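Work through the exercises below with the sequence and the model open side by side. Try each task before reading its solution.

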Amino acid sequence: MRIKATTVYAVRILGFMMRRPGVTTVSELVRGVGITHQYCIKILNELRHAGLVVSEQGCKGGFRLAAEDGIITLYDVVALFEPEKQSEKGWKAAEGDLFHSHLLKIWEESVERLKGLKLKEIYAGCSAEKTL
């Protein structure tokens with residue numbers, strides 16, 4: 001399965017924010033994650049619309065995690081940025097089709113594993129500068 005760069009950067013942005021308490025500025029994210037300002041804003045807006053981050057306005061504004069960081073899973077990010085991978089279209093097996101039956105089983109197991117991987121656990125013990 002191929003994952004989009006946007007998905008990877010979204011995970012890195014969230015991982016960076018988890019390592020820094022409070023509000024994180026876009027400039028800090030750009031430097032910490034290594035992406036352009038415009039690309040960072042695009043990803044943050046999608047994360048904000050999904051309810052994973054909150055925008056804080058004002059001179060000390062930026063973005064913060066919307067909820068306790070321990071509840072965001074890898075599945076949450078993949079489902080947001082890879083919606084075509086969430087569809088079971090094409091995975092449905094015709095009766096007696098062993099190949100597609102096995103692919104569907106692998107897909108279902110993968111979804112369960114992604115749901116069990118919390119970003120907090122992935123980045124545990126990692127400083128904000130080491131989220132890459």
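**Exercise 1. Which residues of helix α2 are buried, and what covers them?**

Step 1. Locate α2 at residues 26-34. Helices are DSSP runs of H or I with at least four residues, strands are runs of E with at least two, and both are numbered from the N terminus.

Step 2. List the buried positions: Val26, Glu28, Leu29, Val30, Gly32 and Val33. Buried means under 20% relative accessible area, exposed means over 50%, and partly exposed lies in between (1.4 Å probe, protein chains only).

Step 3. Find the cover. It includes α1, α3 and β2 (62-65).

Step 4. Take Val33 of helix α2 as an example. Its relative accessibility is 3%, so Val33 counts as buried. Val33 and Leu14 lie 19 residues apart in sequence, and their C-alpha atoms are 9.9 Å apart.

A note on the basis of these values. The model is predicted, so local features need pLDDT of at least 70 and side-chain atom pairs count only at pLDDT 80 or more, while totals for chains, interfaces and linings use all residues. Residues are numbered from 1 along each chain as its sequence is written, and side-chain values use heavy atoms, with hydrogens and water left out.

**Exercise 2. At what angle do α2 and α3 pack, and which residues meet?**

Step 1. Read the geometry. The angle is about 110 degrees and the axes are 9 Å apart. Axes are lines fitted to C-alpha atoms, for helices over the stretch in contact, and angles run from 0 to 180 degrees between N-to-C directions.

Step 2. Classify it. α2 is therefore roughly perpendicular to α3. Angles under 35 degrees count as roughly parallel, over 145 as roughly antiparallel, 65 to 115 as roughly perpendicular and the rest as oblique.

Step 3. Name the residues. Val26, Leu29 and Val30 of α2 meet His37, Cys40, Ile41 and Leu44 of α3. Contact means heavy atoms within 4.5 Å.

Step 4. Sort them. Six are nonpolar, one is polar and none is charged. Nonpolar covers Ala, Val, Leu, Ile, Met, Phe, Trp, Tyr, Cys and Pro; charged covers Asp, Glu, Lys and Arg; the others, Gly among them, are polar.

**Exercise 3. Describe how helix α1 packs on helix α3.**

Step 1. Start with the axes. Helix α1 (residues 5-18) and helix α3 (residues 37-49) have axes 10 Å apart, at an angle of about 80 degrees. The two helices are therefore roughly perpendicular.

Step 2. List the contact. From α1 come Ala5, Thr6, Tyr9, Ala10, Ile13, Leu14 and Met17. From α3 come Tyr39, Cys40, Ile43, Leu44 and Leu47.

Step 3. Sort the contact residues: 11 nonpolar, one polar and no charged.

Step 4. Look at Ala10, which lies in helix α1. Its relative accessibility is 0%, so Ala10 counts as buried. Leaving aside neighbours within four places in sequence, Ala10 contacts Ile43, Leu47, Val77 and Phe81. The C-alpha atoms of Ala10 and Val78 are separated by 9.2 Å, although these residues are 68 apart along the chain.

**Exercise 4. How many aromatic pairs does the whole structure hold?**

Step 1. Search the structure. There is one pair. Rings of Phe, Tyr and Trp (its six-membered ring) pair if their centres lie within 6.5 Å; planes under 30 degrees apart count as stacked, over 60 as edge-to-face and the rest as tilted.

Step 2. Identify the pair. Tyr9 and Tyr39 are edge-to-face, 5.8 Å centre to centre, with 80 degrees between the planes.

Step 3. Tyr9 is in helix α1 and Tyr39 is in helix α3, 30 residues apart.

Step 4. Check accessibility. Tyr9 is at 21%, so it counts as partly exposed. Tyr39 is at 23%, so it counts as partly exposed too.

**Exercise 5. Is Thr24 buried or exposed, and what does Thr24 touch?**

Step 1. Find Thr24 in the loop between α1 and α2.

Step 2. Check accessibility. At 0%, Thr24 counts as buried.

Step 3. List its contacts. Not counting residues up to four places away in sequence, Thr24 touches Phe16, Met17, Leu29, Gly62 and Phe63.
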